[in-house]
Amino acid sequence: MAPSKVNSAGDASVSCSQPENGFLNSLSLLSSEKAVQELLQQSPVQSTDDHLIEFSDAMRTVAKALRRAAEGKASAQAEAAEWKRKYELERARNLHLEHKEQSHRENNGDDERTKNLASRSNEQSEQCCGSNGICSHEVLRDGDRDSASKVVPNKFARKASFKLSWCCKGDQSDQHKHDIVSFERGNITTAERSSKQISLKWESQPQTVIILTKPNSTSVRILCAEMVRWLREQKKLDIYVEPRVRAELLTESSYYNFVHTWKGETEIMLLHTKVDLVVTLGGDGTVLWAASMFKGPVPPVVPFSLGSLGFMTPFHSERYQEYLDSILKGPISITLRHRLQCHVIREAAKNEYETEGPILVLNEVTIDRGISSYLTNLECYCDNSFVTCVQGDGLILSTTSGSTAYSLAAGGSMVHPQVPGILFTPICPHSLSFRPLILPEHVTLRVQVPFNSRSHAWASFDGKDRKRLAAGDALVCSMAPWPVPTACQIDSTSDFLNSIHDGLHWNLRKTQSFDGPRDA
């Protein structure tokens, strides 16, 4: 339409500029003015709309082409990985057949020498990891080992070493092994299961213990003083406490001069190199506080229940001597509680390496609307793939240990703490179909406040360290490499079930009466 109007307007202007029989035509003059007004008012808008439509169509075409290219690349990579795996399996099978043929050709003397070498290698593997074990250098690093599997002492010679091993109930069980997924002749089978408990066995005697307590509690202060005295006199251990607790102990008696403490963040960062065992006296909040003190590896934690509600505190304080004596001797069952590692990337950051953090959380990180009356608007990505746009009161990214905390109150599922995963739970979403998710542990989640959001968002980490997220800011979360090992009273599964039974009264109801109607 626009070109025709331009032409007509041009023709009209030309005709009105030429005299007709020596006089100007007034009607043509009026029509030319009208055409000019239409040209000025309508033509640019329509032309701009046409250009925008053409541009959006072109962008959609480019996006489709890029998506097809990405899908083709992913398919090619998957096919290459599959061929590589098949090649490695075939190569391993051929090597195995060659080894069998060679062993048949060897004489009896060679067979005897091979047996001796095999027995010697088995003895070395037993020394390093045991029959079904995982050494501390594989899961919780506690000193380097040389080729002869001898512990190389660290700078702090008092640091105790230990070994983690898989175990389960019953010697005849077949669940002592690692996960192995085999692929052969087109069939995928899980050959061995990993549904087993983790056991900690001390390789050298613990020498140093740190005791962390709940503040403002008279009963906790009395128990702490009693426990410090017992550990010093009966177990001959070096003891660390918080500066506040040391001041309280010295106020009570000068006997506690032997108790150590720390000064400043620098000494706190080095605690994991000195401490062999962490004892907490309080509830789950005290365990969270203990975990937050260790920004890297965490020593085994023995949590005693002195709080109002404890899902991570299976030990009762009345029998602390019996429990600590058993734990110091070992072996003990432990639960490896995974943590999240969070970074805040500001909109003004030059790149994604310019971040605030890392911040480690044991329970959850919460992104909410704060005091704003508007809905939270959050764009969520998983490994650079768009997940959803959260519109509601907020979002919870939780560990499985935190599944019985805020995530549970927001409608999330209860998950065994040793299940490796990240819980994706919305808070009061403005959508009936927005259900919680459980994502695998290896993913990286990115939550960003879009530029069209009506308000800011706020992020809190295990209920503290609140940070404001403005438009364009993002929060990136992934699984931290340093879990929190907590001691079990029985084993990981039994302690978890006992906690939801005792703490939440899970599925507790009166038994149906037996004297009602029955099937014939």
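How many of the 520 residues of the protein count as buried? The share is 38%. Keep in mind that this model is predicted.

**Stop 1: the whole chain**

Start with everything shown as a cartoon. The secondary structure comes to 11 helices and 23 strands. Now think about contacts between residues at least 6 apart in sequence: 65% of them join residues at least 24 apart.

**Stop 2: helices H5 and H6**

Select residues 218-235 for H5 and residues 243-252 for H6. Two packed helices are described by the angle between their axes and the distance between the axes. Here the axes come within 11 Å and cross at roughly 80°. Angles of 65 to 115 degrees count as roughly perpendicular, so H5 and H6 are roughly perpendicular to each other.

Next, show side chains. On the H5 side, pick Arg 221, Cys 224, Ala 225 and Val 228. They meet Val 245, Glu 248, Leu 249 and Glu 252 in H6. This contact has 5 nonpolar residues, 3 charged ones and no polar ones.

**Stop 3: the cavity**

H5 and H6 each supply at least two residues to the lining of the largest cavity. The count of cavities of 30 Å³ or more comes to 1. The largest cavity has a volume of about 70 Å³.

Which helix gives the most to this lining? H6 does, with 4 residues. Select Arg 244, Val 245, Glu 248 and Leu 249, which are among the lining residues. By class, the lining divides into 5 nonpolar, 3 polar and 4 charged residues.

**Stop 4: the second largest pocket**

Move on to Gly 310, Thr 313, Pro 314, Asp 495 and Ser 499. Of the 29 residues that line the second largest pocket, these are the closest to its centre. The volume of this pocket is about 450 Å³.

Now colour strand S11 (332-337), strand S23 (484-487) and helix H11 (492-504), the elements that give two or more residues to the lining. H11 gives the most, with 7 residues. The lining has 17 polar, 9 nonpolar and 3 charged residues.

**Stop 5: Thr 404**

Select Thr 404, in the loop between strand S16 (385-398) and helix H10 (406-409). Is Thr 404 buried or exposed? The cut-off for buried is under 20% relative accessible area. Thr 404 has 12% relative accessibility, so Thr 404 counts as buried.

Now show its partners. Leaving aside neighbours within four places in sequence, Thr 404 is in contact with Phe 311, Met 414, Phe 496 and Ile 500.

Notes:
Residues numbered from 1 in each chain as written. Heavy atoms only, no water. Axes fitted to C-alpha atoms, helices over the stretch in contact; angles between N-to-C directions. Parallel < 35°, antiparallel > 145°, perpendicular 65-115°, else oblique. Contact = heavy atoms within 4.5 Å. Nonpolar A, V, L, I, M, F, W, Y, C, P; charged D, E, K, R; others polar. Buried < 20%, exposed > 50% of the residue type's maximum accessible area, 1.4 Å probe, protein only. 1 Å grid on protein atoms, 1.4 Å probe; cavity = no way out; pocket = protein on both sides within 12 Å on 5 of 7 lines; lining within 4 Å. Points joined across faces, edges and corners; volume = space filled by probe spheres on them.
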